[in-house]
Amino acid sequence: MASHALSTEAEIERFIEIRRQLHRYPELSNEEFETTRRISEWLEEADVSILDYPLATGVIAEVGGLQEGPVIALRADIDALPVQEETGLPFASAFPGKMHACGHDFHTASLIGTAFALKKRESELKGTVRLIFQPAEEKAKGAKQVIGSRALEGVKAIFGMHNKPDLPVGTIGIKEGPLMAAADGFVVEVAGRGSHAAVPEAGLDPIVTASHIITALQSIVSRNVSPLKSAVISVTKLHGGTAWNVIPDRALLEGTIRTFDDEVRLRVLERFSKVVEGVAAAFGTTAAIRWIEGPPPVNNDPALAELGYAAAADAGYQAITPVPSPAGEDFAVYQRDIPGLFVFMGTAGTQEWHHPAFDLDEKALPVSIGFFTRLAERALAFYASGTGTGGGASL
């Protein structure tokens, strides 16, 4: 039977209750003021040190430091989504139009539980564990805010996770290399010349241009990306015109591009611009592109992935190699600065992320706490020994 870091059922129930309180009172990105207060109060219960960094929302805390050694970080995101909850749970959102539909309440409760567990072992920790309760992940801005606050300075490596509804409880998805996609958005405005619908030759039809742009964009992945790699271009919004007998002078299309590789990402964005501008010119119109830059791909350090497998084995959980997700995650922004490992935590949910009926199996909470407690201990020992100064070290 798998072991975990919580010694009593009462402890497990405590963190389940914390998760439910967070779920009941969700707050949107950069509005997590009450969530921030609650997290700080819960951490102070265990005498966990709260650090003073210039963040409007979010909490930075630390455990350890009694032994001289490295600093590693554990991160959880704390924001909710603008979704009307349809779960029917007794602890469903008290705020209309706001919901923890992505499980960040689970992530936060898990990190609080890990902080409590590490605090019990503080004298044995070979360094310091920095706890990052990050705001605004859903807007892909929170990681940049944390880095801008200088809370990542001196940190050797960072670890995080996302719940995964399609994995069973007790299963942890660990993979080196790409795990989640770069998530870029685009807005294209096609400018033509309006006219009467019965006299199309008097105008330059932006709807026809936009339609051809959408068709031409489908060739980018099939003819510019290797079959051994992957990319997605989806146009999700097309708007033009106000009347059945009027050709408008403008049309708007929006969508997203998902890639797992920096080189592919740059190539696709470059080809996108060429296709849009070329098709627009061919029809005598013009097109302006506005990019909505998302996070880069989540790209896991190989040595830290090995460490994750070892920590899962220590705790008695099943580690698997997961299928990468085309969703985006701003944890990737941290990995631009320092090595990082992001994993999928099996939660046996019935709905995918962002669904109004999203929920998860709370039995995954002690699994997550047990895994990250052991992972933090292993990571500190790894870097304290000097083997963590480069990739590929033996674990």
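Tutor: Glu11 lies in helix H1 (residues 9-24); helices (H or I, at least four residues) and strands (E, at least two) are DSSP runs, numbered from the N terminus. The model is predicted: local features need pLDDT of at least 70, side-chain atom pairs count only at pLDDT 80 or more, and totals for chains, interfaces and linings use all residues. Residues are numbered from 1 along each chain as its sequence is written, and side-chain values use heavy atoms, with hydrogens and water left out.

Student: Is Glu11 buried or exposed?

Tutor: Buried means under 20% relative accessible area, exposed over 50%, and partly exposed in between (1.4 Å probe, protein chains only). Glu11 has a relative accessible area of 19% and is therefore buried.

Student: With which side chain does the side chain of Glu11 make a polar contact?

Tutor: A polar contact is a pair of N or O atoms within 3.5 Å; within protein, one must be able to donate a hydrogen and the other to accept it, and residues adjacent in sequence count only if both atoms are side-chain atoms. For Glu11 the partner is the side chain of Lys120, at 2.3 Å.

Student: What is the strand order of the open sheet?

Tutor: Strands of a sheet pair through backbone hydrogen bonds, either parallel or antiparallel. Two strands pair if DSSP finds at least two bridges between them. Here four strands form an open sheet in the order E10-E12-E8-E13, with antiparallel pairing. Strands E10 (231-240) and E13 (286-292) are the edges, each pairing on one side only.

Student: How many bridges join E8 and E13?

Tutor: Strand E8 (residues 182-191) pairs with E13 over seven bridges, in the antiparallel sense. Val188 stands opposite Ile289 in E13.
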